[in-house]
Amino acid sequence: MVGLGPKRRPSRRGSMTDVPQDLLEQIKHFEEVFTVDSTKLKQVVDHFVKELEKGLSVKGGNIPMNVTWVMGFPDGHEKGTFLALDMGGTNLRVCEITLTDEKGGFDIIQSKYRMPEELKTGTAEELWEYTVDCVEQFIQHHHQNEKLSSLPLGFTFSYPATQEYIDHGILQRWTKGFDIDGVEGEDVVPPLEKCFRDRGLPIKVAALINDTTGTLIASSYTDSAMKIGCIFGTGVNAAYMEDAGSIPKLAHMNLPPDMPVAINCEYGAFDNGHIVLPLTKYDHIIDRDSPRPGQQAFEKMTAGLYLGEIFRLALVDLLDSRPGLIFAGQDHTLIRTPYLLDSSFPAAIEEDPYENLQETADLVQSKLKLTATSSELEMMRRLAELIGTRAARLSACGVAAICKKKNIESCHVGADGSVFTKYPHFKARGAQALREILDWAPTDKDKVTIHAAEDGSGVGAALIAALTIKRVRAGNLAGIRNAKDMQAFC
Ligand code: BGC
């Protein structure tokens, strides 16, 4: 909606001068609890490095550091046609990717399906049936009346999974608000393949992939300086390539110590013990009221699923602790609805181009049915900035921790996810935090830089399926469960 007020001046310093003293004090309080200074960032990173190491140990720790059995990067000469199924959280996407003869080239066709909200807390059967419905619809649409030969599938399942093999994955726990009975602790590949068989679809899961691993592989396909794949979206996480010799929990397999193995960190679980993260009371409420309290501590402070909710909880706190201070005499029913606001709400406030915050006023009116004064608008603007800045600065800690652990001085990081691509200033704030954490000289250019990734759960998944099939053909069968079956599909 187009606002009425004049466009904003470049700097908003001084715009708080009209805000009454008691509201200013509350803003100051928000600044204190949400600001993460350099010293704290460094403490977080130091602890992060230790937790990454611990996750690779036999005993394990908070961060799962899941072995993915993706062993090495593509060389750009991978070929073939693959299906990719992406079960990420918000949408389900089905793609058909052809890796072409041209080095690094590919063609892609794809369809997106909304993941119905009720499915996220439904039954396992409903989940798999719906998923296969989407795949079937895709096939019918794109291959009507064709007799299909077998198709290998890269299944991007973006939840923590224990993989003894690449074509296998036991869900450790649901994240991102999912809570479907009967899937945790189970291998997710057999029920999916059974549904394919029941429908007569000639599809075989060649690889189960995390979105971060897909991002790492897809990005490195076009840029060899890419060392880390990250998702800053509904959930958060990263993957990187480790040497088998630095993974104590794989020691029993006697792999060559310099053999590369991609690790899906699952670092949304960083600091589940609440040792170092600067948690506010809002973070504690989010955790307490989530389907999995005690899990995903880092994710709950930084991921898109939670940023709007943190914002809402802070406002509700003001309503309760200082009655009459904000939205006096109005009906506060709507704002008390959990998860009413997603991260697009604070993002839109940060993007409001008008000096009088007209777009924010319109948004608050339409979404919360509240009429905000100019002081309340200023307060919300500051709150949105604080929550977005905290998320970006903490997000940088995960990247910095992997760099420190691997002694990486400089590299490219491939990133994807709605917060990375859409949240205003996220990239610049993250880059600034990396600067502070990694102590680059003021004259140094950024050494670790975060870039928009290639399509990890589409192209990345296809590449990983191709790499797996290549390994089967070469007889390099480490981490492949069903090599015979797969050969039949090659
Ligand atoms: C999941 C990860 C995933 C991340 C980003 C987290 O909640 O546990 O597997 O990579 O979200 O999608």
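Guide: A residue counts as buried under 20% relative accessible area, as exposed over 50% and as partly exposed in between, for a 1.4 Å probe and protein chains only. The model is predicted, so local features need pLDDT of at least 70 and side-chain atom pairs pLDDT 80 or more, while totals for chains, interfaces and linings use all residues. Residues are numbered from 1 along each chain as its sequence is written, and side-chain values use heavy atoms, with hydrogens and water left out.

Visitor: Does Asp317 count as buried or exposed?
Guide: The side chain of Asp317 meets that of Lys281 in a salt bridge, 3.0 Å from N to O; the term requires a side-chain nitrogen of Lys or Arg within 4 Å of a carboxyl oxygen of Asp or Glu. The pair links distant parts of the chain, 36 residues apart, with Lys281 in helix α6 (residues 281-288) and Asp317 in helix α8 (residues 304-321). Helices here are DSSP runs (H or I, at least four residues), numbered from the N terminus. Because its relative accessibility is 17%, Asp317 counts as buried.

Visitor: Which residue forms a salt bridge with Arg336?
Guide: Arg336 has a relative accessibility of 38% and therefore counts as partly exposed. The closest N and O atoms of the pair are 2.7 Å apart, and the partner is Asp320.

Visitor: At what angle do α11 and α13 pack?
Guide: Axes are lines fitted to C-alpha atoms, for helices over the stretch in contact, and angles run from 0 to 180 degrees between N-to-C directions. Under 35 degrees counts as roughly parallel, over 145 as roughly antiparallel, 65 to 115 as roughly perpendicular and the rest as oblique. α11 and α13 are therefore oblique to each other. With the axes of α11 (residues 374-405) and α13 (residues 426-438) 8 Å apart, the angle is about 50°.

Visitor: How many residues of the contact of α11 with α13 are nonpolar?
Guide: Contact means heavy atoms within 4.5 Å, and the nonpolar class holds Ala, Val, Leu, Ile, Met, Phe, Trp, Tyr, Cys and Pro, with Asp, Glu, Lys and Arg charged and the others, Gly among them, polar. Residues including Ala392, Ala396 and Val399 in α11 meet residues including Phe426, Leu434 and Ile437 in α13. Of the residues in this contact, five are polar, five are charged and the nonpolar ones number eleven.

Visitor: How many salt bridges does the count come to?
Guide: One of them joins the side chains of Asp444 and Lys447, at 3.5 Å from N to O. Salt bridges that share partners also join Glu53, Glu242, Asp243, Lys405 and Lys406 into one network. The count comes to 33.

Notes. Helices (H or I, at least four residues) and strands (E, at least two) are DSSP runs, numbered from the N terminus.
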